[in-house]
Amino acid sequence: MRAYRYDAYGPVSAVLRLVETAQPRPGPGQVLVRVGYASINPLDWKLVEGEFRLIFKSKPPAGVGCEFSGLVEALGSGVTAPPIGTPVVGFIDPAARPPGALQQFVVVDAKHVQQVDAADLEAACTLPVAGISALQMCRLAELKSGQRVLVHGAGGGVGSFAVQVAKMLGGRVTATSSRANQPVLESLGVESRIDYTTQKVAAWGGPFNAVLDCSSTLGSADIGTLLAAGGHYVRTLPAMPSLLLDPLLNPLRPVKRHALRLKANVDDLRTLLAWLRRGRIRPLITQRFAFTEAVAALELSKSGRAHGKLVVQVQ
Ligand SMILES: NC(=O)c1ccc[n+]([C@@H]2O[C@H](COP(=O)([O-])OP(=O)(O)OC[C@H]3O[C@@H](n4cnc5c(N)ncnc54)[C@H](OP(=O)(O)O)[C@@H]3O)[C@@H](O)[C@H]2O)c1
């Protein structure tokens with residue numbers, strides 16, 4: 001099979017190669033999936049560049065990509081479902097094993113795939129990282145129906161899902177982006193749109209009950225300006241020492257601070273799939289790449305200027 005591999009940490013354009021390699025075989029409790037689509041996340045190129053070398057087990061030589069959809073090709077011993085040929089979406093938890101969704105076949109634990117409608121195969125591959133991140137951010141913010149929510153950096157993968165999930169939960173959403181992403185916000189139907197490059201934080205329309213910072217760029221003064229008393233600030237990038245201090249200090253603070261640490265949670269994936277099936281959420285797939293163009297997709301993600309989600313058609 002063909003697969004993206006790297007032998008040493010470095011920039012994706014320098015170290016990623018498309019190679020011919022042996023097709024993996026499912027072991028006990030595992031399934032083999034013929035990958036149809038893989039979605040791109042900043043996590044992918046950060047892992048290749050070695051940014052998380054102290055946290056995750058992914059060490060070169062390794063593959064790339066953590067979420068995929070496709071058809072079940074074979075079952076390992078002890079696995080009876082989903083049957084061969086079933087359309088599924090799945091994820092590879094990089095905290096537990098090396099990634100590798102950008103390859104023609106992937107082996108994962110059977111519990112890490114979920115059945116999807118064949119018509120949703122492409123859309124579903126965007127849910128395990130960005131979709132679940134958005135859901136878990138709303139949960140950290142203890143978002144309740146009728147509350148006012150600010151989604152900062154709403155034009156990207158996590159942000160575009162955060163807007164939709166917050167609306168699903170009854171939130172009244174204001175969203176920020178650069179000028180280039182304003183059409184994305186318009187298509188998401190937010191209550192109010194802010195161009196964060198030209199409008200000062202004081203004019204963003206606070207106070208909000210929750211601020212979901214998908215670019216992790218807001219400072220303490222901004223948070224103070226934006227949040228109502230008792231409100232929650234959630235950022236996507238954990239940082240020391242706040243990661244350790246926030247849970248201890250939050251009971252004493254007028255506003256609560258949290259950092260997302262994505263948990264690959266099957267129940268959350270099922271929730272998102274149900275919403276997808278009912279048309280309640282829809283991934284904003286703005287660019288599609290052929291398998292041979294995957295490095296360009298990763299480079300675009302790294303530029304920080306992607307709109308919505310980027311998807312690679314693997315086969
Ligand atoms: N901790 C976790 O478990 C976890 C899980 C998922 C994601 N993440 C992290 O969350 C971040 C976002 O992920 P993503 O998938 O949404 O990435 P993405 O699709 O690349 O989107 C990032 C968005 O950030 C916006 N942006 C860039 N610079 C900005 C700035 N200075 N101020 C405000 N917005 C800015 C960009 O939109 P504009 O062009 O409109 O500015 C871009 O669309 C990444 O750093 C990712 O690694 C962490």
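1. Basis of the model. The structure is a predicted model, in which local features need pLDDT of at least 70, side-chain atom pairs count only at pLDDT 80 or more, and totals for chains, interfaces and linings use all residues. Residues are numbered from 1 along each chain as its sequence is written.

2. Overall fold. The protein has 10 helices and 15 strands; these are DSSP runs numbered from the N terminus, with at least four residues (H or I) for a helix and at least two (E) for a strand. Its radius of gyration is 20 Å, close to the 20 Å that the globule rule gives for 315 residues, so the protein is as compact as a globular protein of that length. That radius is taken over C-alpha atoms, and the rule is 2.2 Å times the number of residues to the power 0.38. Along the principal axes, the C-alpha atoms fill a box of roughly 55 × 40 × 40 Å.

3. Of the 315 residues, 47% count as buried. A residue is buried if 20 or more other C-beta atoms lie within 10 Å of its own, exposed if 12 or fewer, and partly exposed in between, with C-beta atoms placed from the backbone. Among contacts with a separation of 6 or more, 69% are accounted for by residues 24 or more positions apart; a contact requires C-beta atoms, placed from the backbone, within 7 Å.

4. Domains. The assignment gives domain 1 (2-126 + 283-313) and domain 2 (129-259), with bounds that come from an automatic or database domain assignment. The C-alpha centres of the two domains lie 28 Å apart. Their contact takes 10 residues from domain 1 and 9 residues from domain 2. The side of domain 1 that touches domain 2 has 4 nonpolar, 4 polar and 2 charged residues. In this classification Ala, Val, Leu, Ile, Met, Phe, Trp, Tyr, Cys and Pro count as nonpolar, Asp, Glu, Lys and Arg as charged, and the others, Gly among them, as polar.

5. Ligand shell. The ligand is surrounded by 31 residues, of which the closest are G153, G156, G157, T236 and L262; a residue is near the molecule if its C-beta atom, placed from the backbone, lies within 6 Å of it. Helix 2 (42-48), helix 4 (127-140) and helix 5 (157-168) are the elements that give two or more residues to this shell. By class, the shell has 13 nonpolar, 16 polar and 2 charged residues. Domain 1 and domain 2 both give residues to the shell, so the ligand lies between them.

6. Strand 15 and its partners. Strand 15 (residues 309-313) is mostly covered, with 4 of its 5 residues buried. Strand 3 pairs with strand 15 in the antiparallel sense over 4 bridges, and S39 stands opposite V311. Strand 14 (residues 285-290) pairs with strand 15 in the parallel sense over 5 bridges, and Q287 stands opposite L310. Pairing requires at least two DSSP bridges between the strands.

7. Residue Y37. Y37 lies in strand 3 (residues 30-40) and counts as buried, with 23 C-beta neighbours inside 10 Å. Not counting residues up to four places away in sequence, its contacts include F68, L121, C125 and V312. The C-alpha atoms of Y37 and R288 are separated by 9.8 Å, although the two are 251 residues apart along the chain.

8. Residue A141. A141 is found in the loop between helix 4 and strand 8 (148-152). A141 is buried, with 25 other C-beta atoms within 10 Å. Leaving aside neighbours within four places in sequence, A141 is in contact with A210, L212, H232 and V234.

Notes: Contact = placed C-beta atoms within 7 Å.
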